[in-house]
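Reader: Please show me how to read a few features of a structure that is new to me.

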Amino acid sequence: KINVPRLSNQSDVLIVTVSNRLLIDIDLHVSNFVEVIGQFRSYNNPSNSGNKLILTIFARDIKLIDGIDPSKNINEVYLNGYICKKPQYRTTPLGREITDILLAVNRLYGKSDYIPCIAWGRNARYANTFQIGDNIKIWGRVQSRDYQKKLENGEVETRTAYEVSIFKLEKNENAVDASELENR
């Protein structure tokens, strides 16, 4: 897990999957500063309570760095994928507009990652117009947040949700629908 500070003085705790081959010449310790470049991926982890979506950063490269330059954006993600569930628009108790998006991002070998994303304000209103199957591009940051889940037995459990907080998005109007490809 890595701790990534936000400009708001909060932090995101992100799960990183790293191949042993990337760690051969690196001596990692708690409190080291690292730079990770990779892909945001999802996995289904079956449990007694149903499938659970596990989100992780799959490291393609990891290296030690001397420190954090606060002027750099240190948590950035770009996704190009397809809306796979109707966007859910709502307003928070404080009046902020939010739209939840589930984005399917294709990988090689016929696999896809399913990434939950959240749009705010003007982006939320725009995202609410998207339809299932629309191809969109998203720029944002991976965020973690704790929430309380009430279980069937009445107990309350603290869980962590991972999602992409969107700061820019656009619909790819030139995308070819998969059904159009089949008809060619």
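Predicted model: local features only at pLDDT ≥ 70, side-chain atom pairs only at ≥ 80, totals over all residues.

Author: Residues are numbered from 1 along each chain as its sequence is written, and side-chain values use heavy atoms, leaving out hydrogens and water.

Reader: In which sense do strand E1 and strand E2 pair?

Author: Strands (E, at least two residues) are DSSP runs, numbered from the N terminus, and two of them pair if DSSP finds at least two bridges between them. Here E1 (residues 2-5) and E2 (residues 11-14) pair in the antiparallel sense over four bridges. Pro5 has Ser11 in E2 as its bridge partner. Five residues lie between the two strands of this hairpin, and Asn9 in the turn has a positive phi of about 70°.

Reader: Is Ser144 buried or exposed?

Author: Buried means under 20% relative accessible area, exposed over 50%, and partly exposed in between (1.4 Å probe, protein chains only). Ser144 counts as buried because its relative accessibility is 9%. Ser144 belongs to strand E10 (residues 135-150). Its side chain reaches the backbone nitrogen of Val13 at 2.9 Å.

Reader: Which residues have the most contacts inside the largest nonpolar core?

Author: A nonpolar core is a set of buried Ala, Val, Leu, Ile, Met, Phe, Trp, Tyr and Cys residues joined through side-chain atoms within 4.5 Å. The largest one has 29 residues, and those with the most contacts inside it are Phe40, Leu79, Leu103, Ile115, Cys117, Ile138 and Val164.

Methods
Polar contact = N/O pair within 3.5 Å; in protein donor to acceptor, adjacent residues only side chain to side chain.
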